[in-house]
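Me: I would like to learn how to read chain contacts and helix packing in a model. Could you take me through one?

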Amino acid sequence: MSNRPSEHYVAPIEDANVEVDALKLKERKSNLWLDAWRDLRRRPLFYAAVAMVLLVTLMALWPTLFTDVPPNSECSLSNSNGGAVAGHPMGFTRQGCDIYARVVWGARTSLAVGVLVVAITAAIGIPMGAIAGFFGGKIDSFLSRIGDIFFSIPYFLAAVVVMSVLSDLRSVWTIALAIGGFAWASLARILRAEILQVKNSDYIMASEAVGRGRMSTLMRHALPNSLTPVIVTLTIALGAAIVAEATLSFLGVGLGDTVMSWGNDISKAQTSIRTAPMSLVWPSLALTLTVLAFIVLGELIRDALDPKARARR
Amino acid sequence: MLTYILRRVLQAIPVFFGTTFLIYFMVFAMPGDPIAGLFGDKTPNPAVADALRAQFNLDQPFIMQYLLYMKDFFTGNLGVTFSGQQVSDVLARAFPVTLKLVLMAVVLEFILSVVIGLISGLRKGKFFDNISLVVALVLSSVPVFVAMFVAQYFVGIKWGLAPVTVGADTTWGAMFLPAAVIALTVYVTGMRLMRGSVIESRQADYVRTAYAKGLTHKRIVPVHIARNSLIPVITNTAASFGALIAGTTVTEGIFNIPGIGQVLYQAITQSEVPTVVTFVTILTVIYVIVNILVDLLYAVLDPRIRYV
């Protein structure tokens with residue numbers, strides 16, 4: 001080495017007064033759910049849908065908050081097909097019942113059927129789809145063939161058969177079983193496809209490499225990472241189940257006459273469509289808005305959870 | 001291709017037997033006397049009950065009952081309806097009507113999907129796109145029977161633009177209103193498929209190339225963008241064809257259209273369960289067959305898909 005002084009003075013490390021100031025890197029926490037929530041929070045439609053769902057839920061849980069007319073009562077034929085008067089904002093049905101009170105009480109039936117169907121669909125569809133997709137091979141072929149059979153019967157027709165046969169056992173429970181007992185097949189298909197994609201990820205391999213069992217890997221890693229389409233499908237299925245119940249009741253194979261349900265009310269009102277269309281309009285409107293709320297919610301969640309969809313927007 | 005067709009048809013056989021068995025099982029394996037069950041709270045006429053016992057072979061063990069039922073089904077002996085008509089006669093009379101209705105609905109659905117989807121896709125995020133999404137969401141959440149009543153009330157009763165019910169007059173014109181309402185309640189899926197693939201193909205290399213070689217917008221939109229986006233819409237429309245044939249019960253009931261759906265509608269509302277079971281079985285079989293055809297169509301249309 002020569003004795004030439006070095007061209008650059010390099011301070012010894014103790015002398016250097018290096019300080020990073022004012023550059024606070026705010027750690028922005030980010031994961032799929034948080035991103036989705038940020039996306040949803042900015043969309044007014046989300047609040048509208050949530051408000052509608054909350055309203056219907058309140059009506060279903062505490063109908064007396066909204067009306068003081070007890071269920072199936074205070075009908076007076078003198079009010080038959082009457083228009084709106086004070087205290088009865090939606091007028092009266094052909095039987096002279098307060099339409100508003102019937103709409104409020106009907107929420108409970110619709111929501112109960114919807115929630116039960118979703119529970120049944122999830123209880124059968126999630127294990128069927130997850131196990132078929134994750135374990136593959138013979139188990140997959142077997143479970144998928146069963147799913148194919150249920151998938152190939154339009155679930156509305158299947159429910160018609162079940163409800164026709166169970167003519168003296170018609171209740172919210174049987175109707176939910178009849179719908180959910182067939183609707184699970186499409187959920188199983190969707191989840192199976194999702195699990196198949198997730199299955200070959202590194203983290204699944206890592207989980208098994210550290211000695212976690214197959215079943216435990218499925219429960220802890222594969223399933224939680226495949227839940228997005230499940231949640232979306234179930235939200236939309238809730239709306240579809242409400243429509244199915246109303247349609248079955250409309251055809252006369254749903255709930256008994258004494259049960260207050262939007263489907264029953266629409267069915268009864270159809271005979272007076274010319275003379276008193278409003279008794280048809282209000283329950284139909286309640287039904288449509290509720291279903292719309294669930295479908296919008298499902299679509300928004302789908303968009304929010306799918307970065308690709310966000311880009312497409 | 002031939003092996004694919006063969007495989008797909010073979011796969012359908014267990015599904016076919018599975019579905020029919022499931023329906024049969026739901027009805028005839030219930031606890032109690034199935035014949036009494038079929039009549040609900042009515043007391044059956046002994047002669048009718050005996051005829052039903054014979055028709056469903058209830059003196060045989062359960063699995064034999066099902067197999068004999070299937071044998072009858074295949075040999076075209078579909079039994080009689082409640083009013084004593086041969087099911088095969090009813091089918092021959094009613095099926096063409098349903099087919100006509102569904103065909104019209106499917107064509108309208110296709111046109112709506114393609115036109116609205118294309119415009120939405122080309123104007124992503126603009127006014128038309130947003131409005132069409134909102135309208136689509138609303139339409140897809142209106143239950144079919146509500147939609148039918150709305151149409152019947154406004155178009156039929158208030159404005160008098162179309163017959164309120166169809167009845168015996170099953171011309172294309174008379175069935176246009178119900179077909180249009182069906183199309184409006186189902187076009188949403190196809191429209192969104194179209195929109196999605198238009199958005200994707202707008203950014204595709206071949207579209208950029210087309211612009212680069214100086215082709216006009218007027219030529220690129222129909223030839224390069226629209227045509228390449230059609231495959232998913234076509235298969236979706238074909239799939240909805242099967243679902244619609246199986247799902248015209250409510251429509252035909254409300255509009256009094258003498259198709260299969262109406263036969264089923266009347267059987268349901270008058271709780272004639274044996275007729276309900278027969279027609280649900282028939283509709284399910286049709287649904288399974290149409291779905292096989294759709295899968296084959298898919299393979300024909302999209303050369304990238306070859307399940308060997």
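Reply: Gladly; we will go from the interface to the salt bridges and then to a helix pair. This is a predicted model, in which local features need pLDDT of at least 70, side-chain atom pairs count only at pLDDT 80 or more, and totals for chains, interfaces and linings use all residues. Residues are numbered from 1 along each chain as its sequence is written, chains are lettered from A and ligands numbered from 1 in the order written, and side-chain values use heavy atoms, leaving out hydrogens and water.

Me: How many residues of chain A and chain B are in contact, and what area is buried between them?

Reply: The size of an interface is often given as the accessible area lost when the parts come together. Buried area here uses a 1.4 Å probe and is summed over both parts. Between chain A and chain B it is about 3700 Å², with 80% from carbon and sulfur atoms. Taking contact as heavy atoms within 4.5 Å, 40 residues of chain A touch 44 residues of chain B.

Me: Which salt bridge joins the side chains of the two chains?

Reply: Side chains of opposite charge can pair when their charged atoms come close. The rule asks for a side-chain nitrogen of Lys or Arg within 4 Å of a carboxyl oxygen of Asp or Glu. Between chain A and chain B the count is one: Arg192(B) with Glu299(A), at 3.0 Å, N to O.

Me: Which helix of chain A gives the most to the side that touches chain B?

Reply: Helices are DSSP runs (H or I, at least four residues), numbered from the N terminus. Helix 11 of chain A gives the most to that side, with nine residues. The residues of this side divide into 28 nonpolar, seven polar and five charged, where Ala, Val, Leu, Ile, Met, Phe, Trp, Tyr, Cys and Pro count as nonpolar, Asp, Glu, Lys and Arg as charged, and the others, Gly among them, as polar.

Me: What does the salt bridge of Arg192(A) and Asp140(A) tie together?

Reply: That pair meets at 2.8 Å, N to O. Arg192(A) lies in helix 6 of chain A and Asp140(A) in helix 4 of chain A, so the pair links parts 52 residues apart in sequence. Over all chains, the structure holds nine salt bridges.

Me: At what angle do helix 5 and helix 6 of chain A pack?

Reply: Axes are lines fitted to C-alpha atoms over the stretch in contact, and angles run from 0 to 180 degrees between N-to-C directions. Helix 5 and helix 6 of chain A pack at about 145°, their axes 9 Å apart. Their contact has ten nonpolar, one polar and no charged residues.

Key. Buried area = accessible area lost by both parts, 1.4 Å probe. Helix = DSSP H or I, 4+ residues; strand = E, 2+ residues; numbered from the N terminus.
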